[in-house]
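Please read it with the structure open beside you.

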Amino acid sequence: MTLQFQIATLADLPDIVAIYNESIPNHHITADLAPVTVSDRQSWFDAHSPAKYPLWVIYSGPQLVGWLSLSPYSDRAGYRQTSEISLYLTLTAQGHHFGRQSLQFALEQAPQFGFTVLISRVFGSNHASRHLFETGGFDHWGHLPRIANQAGAWEDLEVYGIQLH
């Protein structure tokens, strides 16, 4: 099924937060250990804009299945052409190749915003995301061992990147 991508609005933020919070209990996707609130994510949402750092909600037919963002990698000017990509799918949407379609969409859109480099940070134990980026053309750019303590279990962080031109 073909996905539809729409620029997120403030009305989408509760759904974006709910999807993000679905990923927290498994401790292999995000370093947050407790659910976040809409208020917690407000400044993050405000840092995205359709003109520079887009945040999309993803639909499969009428069903919201996830969100995708291109965020600043750093606040330093020399990194302005680099963006960090984030992709979160609902638990029920995983395993349907929506990640692959979403990643392809991001790669097509990124140059329109002036990005020449995309990076993603993925926990070593998150095999599905690592596979997604590896098969999506990203190279493994770095390994940070035992960088996050996830409720008593240490996680490595893998950095993936792609040069867009």
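1. Ground rules. This is a predicted model, in which local features need pLDDT of at least 70, side-chain atom pairs count only at pLDDT 80 or more, and totals for chains, interfaces and linings use all residues. Residues are numbered from 1 along each chain as its sequence is written, and side-chain values use heavy atoms, with hydrogens and water left out. Helices (H or I, at least four residues) and strands (E, at least two) are DSSP runs, numbered from the N terminus.

2. Helix 1 and its cover. Helix 1 spans residues 13–22. Its buried residues are L13, I16, V17, I19, Y20 and N21. Here buried means under 20% relative accessible area, exposed over 50%, and partly exposed in between (1.4 Å probe, protein chains only). The cover over these buried residues includes helix 2, strand 2, strand 3 (63–72) and strand 4 (82–89).

3. Helix 1 against helix 2. Two packed helices are described by the angle between their axes and the distance between the axes. The axes of helix 1 and helix 2 come within 10 Å and cross at roughly 110°. The axes are lines fitted to C-alpha atoms, for helices over the stretch in contact, and angles run from 0 to 180 degrees between N-to-C directions. Helix 1 and helix 2 are therefore roughly perpendicular to each other. The cut-offs are under 35 degrees for roughly parallel, over 145 for roughly antiparallel, 65 to 115 for roughly perpendicular, and oblique for the rest. From helix 1, L13, P14, I16 and V17 meet V38, R41, Q42, W44 and F45 of helix 2; contact means heavy atoms within 4.5 Å. The residues of this contact divide into seven nonpolar, one polar and one charged. Ala, Val, Leu, Ile, Met, Phe, Trp, Tyr, Cys and Pro count as nonpolar, Asp, Glu, Lys and Arg as charged, and the others, Gly among them, as polar.

4. Helix 3 against helix 4. How do helix 3 and helix 4 cross? The axes of helix 3 (residues 98–109) and helix 4 (residues 127–135) come within 10 Å, at a crossing angle of roughly 45°. That makes helix 3 oblique to helix 4. G99, R100 and L103 in helix 3 meet L132, F133 and T135 in helix 4. The residues of this contact are three nonpolar, two polar and one charged.

5. Aromatic pairs. The whole structure holds ten aromatic pairs. Rings of Phe, Tyr and Trp (its six-membered ring) pair if their centres lie within 6.5 Å; planes under 30 degrees apart are stacked, over 60 edge-to-face, and the rest tilted. The rings of Y53 and F115 have centres 5.6 Å apart and planes at 35°, so this pair is tilted. Y53 lies in the loop between helix 2 (38–46) and strand 2 (55–60), and F115 in the loop between helix 3 and strand 5 (117–123), so the pair ties together parts 62 residues apart in sequence. Both Y53 and F115 are buried.

6. W56 and F105. The ring centres of W56 and F105 are 5.0 Å apart and the planes stand at 80°, so the pair is edge-to-face. This pair links distant parts of the chain, with W56 in strand 2 and F105 in helix 3, 49 residues apart. W56 is buried at 4% relative accessibility, and F105 is buried at 15%. F5, W56, F105 and F113 form one aromatic cluster.

7. Positive phi. Most residues other than glycine have a negative phi. H97 is not a glycine, yet has a positive phi of about 65°. H97 sits in the loop between strand 4 and helix 3. A151, also not a glycine, has a positive phi of about 55°. A151 lies in the loop between strand 6 (139–150) and strand 7 (153–163) and is exposed, at 58% relative accessibility.

8. D32 is in the loop between helix 1 and helix 2 and is partly exposed, at 27%. The C-alpha atoms of D32 and Q150 are separated by 8.4 Å, though 118 residues apart along the chain. L144 is in strand 6 and is partly exposed, at 36% relative accessibility. Not counting residues up to four places away in sequence, L144 touches D156 and L157.
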